[in-house]
There are 2 protein chains.
Amino acid sequence: MSTKALRKEEEENLLRRADDLCRQNNLRLTPIRERVYRELVQSGGPVGAYDLVDRLSSEKKRLAPVTIYRALDFLRDAGLVHRLATQNSYVISHGQPDVNAMKIMFVDSKTGETIEVHSTEVAEAVKKAAEQAGFKSVSPFMEVEGEIAH
Amino acid sequence: MSTKALRKEEEENLLRRADDLCRQNNLRLTPIRERVYRELVQSGGPVGAYDLVDRLSSEKKRLAPVTIYRALDFLRDAGLVHRLATQNSYVISHGQPDVNAMKIMFVDSKTGETIEVHSTEVAEAVKKAAEQAGFKSVSPFMEVEGEIAH
DNA sequence: ATAAAAAACGTAATAACGTAATAATATAGG
DNA sequence: CCTATATTATTACGTTATTACGTTTTTTAT
Ligand SMILES: [Zn+2]
Ligand SMILES: [Zn+2]
Ligand SMILES: [Zn+2]
Ligand SMILES: [Zn+2]
């Protein structure tokens, strides 16, 4: 099978999973929200909010930034999308939401390329450090900058 | 000794350390840079760049944002200040720069309050995860959101 | 079915954050 | 002193995110 076809299949998987997740949690994956999610899936990496505005706007209909931000907020709340604070961009979340794992987004400082890794080891170590700091709970998402080994 | 006096003493310690560090590395802690650093020290927490603009501007002399950003860039490069990407703010760095430790900034999701913890355990776990992700090097700074146990 | 309530969306304006370009000052080494 | 380099000032511009308010759509309860 061609890589293109594979990517298409992966795409459909993600969309279906998103759909299921929303249905199970009584969340409404409206057309706009799905379009934003799909665009992030297809891009295969982080995309800025205003890039999404451009990509999802047509000649006839220009979407407003707030429309995109609202959709992104929904997707983030649903755990489907991460915001990369260091990059001012947004990226889909891969992998099953493993409750005990820390979801680490490694961000290449130069290219902005991202790779997501889930690690229970990091989760535990961070939890321990959090207790030391007097934090009772910590976000299961982290962002770490670094350099990809090319 | 009063807590106020203690804080004042801590303040002076930090200023002195910053001064020493710059001297030892042939970095110039110019008046503006020192004022920015001092303001961050005195605030005792994260401060936004434009807040710094306001606080360091007087009636007669209004500082331009770029002035603050440059000072912040210097302080960050010197390792004296962290940028909190999730908060769009800046905060002083505590503790000796332990090369083998991950410097974790825990950020309270509600108040923005921060506590810094250094952990070699987290550093190692993250390093392992980074290798898994194909990253050859990672930043020694992390930011983790969570909730302070009050 | 109908009315009330809640959620989502459209539109416009604005706030907040950050950078570029250029010129003026200050500093350091020969 | 002279020159190269670093720092600062000022203005303008670009990007990112939110607020306000009214309308439409969907959900919930009667
Ligand atoms: Zn939300
Ligand atoms: Zn994820
Ligand atoms: Zn720098
Ligand atoms: Zn630190």
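**Protein and DNA, term by term**

Mentor: With 3 residues, α4(B) gives the most to the surface near DNA strand D. Helices here are DSSP runs (H or I, at least four residues), numbered from the N terminus, while strands are E runs of at least two. This is a predicted model, in which local features need pLDDT of at least 70 and side-chain atom pairs count only at pLDDT 80 or more, while totals for chains, interfaces and linings use all residues. Residues are numbered from 1 along each chain as its sequence is written, chains are lettered from A and ligands numbered from 1 in the order in which they are written, and side-chain values use heavy atoms, leaving out hydrogens and water.

Trainee: Which parts of DNA strand D lie within 4 Å of the protein?
Mentor: Of those atoms, 62% belong to sugar or phosphate, and the rest to bases.

Trainee: How do you know that A:Y69 makes a polar contact with a phosphate oxygen of DNA strand D?
Mentor: A polar contact is a pair of N or O atoms within 3.5 Å (within protein, one must be able to donate a hydrogen and the other to accept it, and residues adjacent in sequence count only if both atoms are side-chain atoms). A polar side-chain atom of A:Y69 is 2.8 Å from that phosphate oxygen, so the pair meets the cut-off. B:R70 reaches a base nitrogen of DNA strand D at 3.0 Å, and B:R33 a sugar or linking oxygen at 3.3 Å.

Trainee: What surrounds DNA strand C?
Mentor: There are 16 residues around DNA strand C, with A:T30, A:R70, B:Y50, B:Y69 and B:R83 the closest. A polar side-chain atom of A:R33 is 3.1 Å from a phosphate oxygen of DNA strand C.

Trainee: How do the residues near DNA strand C divide by class?
Mentor: The surface has 7 nonpolar, 3 polar and 6 charged residues. Ala, Val, Leu, Ile, Met, Phe, Trp, Tyr, Cys and Pro count as nonpolar, Asp, Glu, Lys and Arg as charged, and the others, Gly among them, as polar.

Trainee: Why are α2(B) and α4(B) called roughly perpendicular?
Mentor: Their axes are 9 Å apart and meet at an angle of about 80°. Axes are lines fitted to C-alpha atoms, for helices over the stretch in contact, and angles run from 0 to 180 degrees between N-to-C directions. Angles of 65 to 115 degrees count as roughly perpendicular, under 35 as roughly parallel, over 145 as roughly antiparallel, and the rest as oblique. The two helices are therefore roughly perpendicular. Their contact has 9 nonpolar, 1 polar and 1 charged residues.

Trainee: What is the angle between α2(B) and α3(B)?
Mentor: It is about 105°, with the axes 11 Å apart, so α2(B) and α3(B) are roughly perpendicular too. In contact (heavy atoms within 4.5 Å), B:R35, B:V36, B:E39, B:L40 and B:S43 of α2(B) meet B:L52, B:R55 and B:L56 of α3(B).

Technical notes:
Near = heavy atom within 4 Å.
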